[in-house]
Amino acid sequence: MDFLRNTLAIALFISTCFFSWKTWQVETFRRSLKADAVELSHIKYGLFNVDEWKIVAAEIVEKKVNEFEITEGNREEVIQRTEEILRQLIDEVEKVLREENKKSLGGMFRQLASDILVPFSDVRKGIPQYAEMIVDRLNDPETKGEIKDLLIEKIDEFADETVGEMDYSILNEILVRHQQENREDCLLYLEETSVKAKANSRAFVIGLAASVIALLILVFTGAKSQIERLCFSLSAFALLAGGVTLPMIDIEATITEFSFLLIGEPVSFQDQVLFFQSKSILEVVMIMTEQGDAPLMVVALLIFSFSILMPLLKLIFTMIAQVRQHIPKSKFIRFFLFRSAKWSMADVMVVSLFMAFIGFSGVINSQLTQLERESGTLEVFTTNNSTLQLGFYLFTAYALIGLLLGYSFKRSELAQH
């Protein structure tokens, strides 16, 4: 029976390490894909990007110009309106010229010559003819193209005068890295690649979960040999490594759809990422340390101590005791071997800090709901994609194995010497 248990413990240790490593590789790859996809979907490249608004405005202008057509049904109305505009324009020109010519003797002679050679009354008689010529010209396809080009050119000029240039350096780096031509194609490629990677990850996670469950059952029934406890300690170390290096939570707020009418035309922006963060315990400690702020440094030290240093020392001292087959007399080491079980809730406490994402999730949901409620005539649909990640489950698995291992080790024959 001891031989079978030892063999099973060794096999479970090997499978746990193998699946932990493969899972870490795939999840790290998926994380890089997710980061790139989030960057490409960020609202700064969509709803907050003036270049996108140029495209939207150009498409609307082109559509409106193409839709403009003078038919038999509206021709008389258009001609009549054109005549009114021409009359207003001629009246205004005549008024301005007469006011200017009154200011000097030379101007009075110019006005007299104008009234004799080109009287405004004759110009007004030709308004119906001019109106028909203008309407026919407007209905010409070549003229429509010129109008579109002119309007689009002015839109670009106004946009360039209003804001600065958009920084596309990060976006271009992502396109080059994935060998894609544009943002839309790259997002599609990232999604397809991520789906394939997720399928691989699911297979490795299932294998890891089966190994962990078997380990928990074996530890719960009592580790009866040094080989078993050593395998359990090494397995716990593999889970701890994955738990502190893989993200525990993803916090993401996204505008799924932002729709409205602009000059009677529907405009829609989809999948606009407002906020995204994905951090592991180790990354949180490093970020807090880099800030250099005293309170953050203290928090970083506590998180590092309770979630990385203490579990690591506990596993190291346990493995040393297994190899030497005796309990060191040092109170410091004996504390980690026998009394740290009372402190194992500290591991859970650290995990509970990350469970605060539920609170963040609630805040995000509240703010996104408020955005939808106050959008008025706009149609805004938002999504909170905050989720627990694999790092949380690996760390929890380590905490459970570590807790059972501590009690098992304390009851062992080795502990009684």
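Here is what to select, and what you will find there.

This is a predicted model, where local features need pLDDT of at least 70 and side-chain atom pairs count only at pLDDT 80 or more, while totals for chains, interfaces and linings use all residues. Residues are numbered from 1 along each chain as its sequence is written, and side-chain values use heavy atoms, with hydrogens and water left out.

**Stop one: the core.** Select Phe232, Leu239, Ile281 and Tyr398, which have the most contacts inside the largest nonpolar core, a set of 35 residues. (Such a core joins buried Ala, Val, Leu, Ile, Met, Phe, Trp, Tyr and Cys residues through side-chain atoms within 4.5 Å; buried means under 20% relative accessible area, exposed over 50%, partly exposed in between, with a 1.4 Å probe and protein chains only.) Now colour helix H16 (390–411), one of the elements that supply at least two residues each. H16 gives the most to this core, nine residues. Next, pick Ile43, Val56, Ile60 and Phe258: they belong to a second, separate core of nine residues.

**Stop two: a ring pair.** Show tyrosine 45 and tyrosine 168, whose ring centres are 6.2 Å apart with planes at 25°, so the pair is stacked. (Rings of Phe, Tyr and Trp, the latter by its six-membered ring, pair if their centres lie within 6.5 Å; planes under 30 degrees apart count as stacked, over 60 as edge-to-face and the rest as tilted.) Is tyrosine 45 buried or exposed? Tyrosine 45 is buried, at 2% relative accessible area, whereas tyrosine 168 is partly exposed at 24%.

Notes: Helix = DSSP H or I, 4+ residues; strand = E, 2+ residues; numbered from the N terminus.
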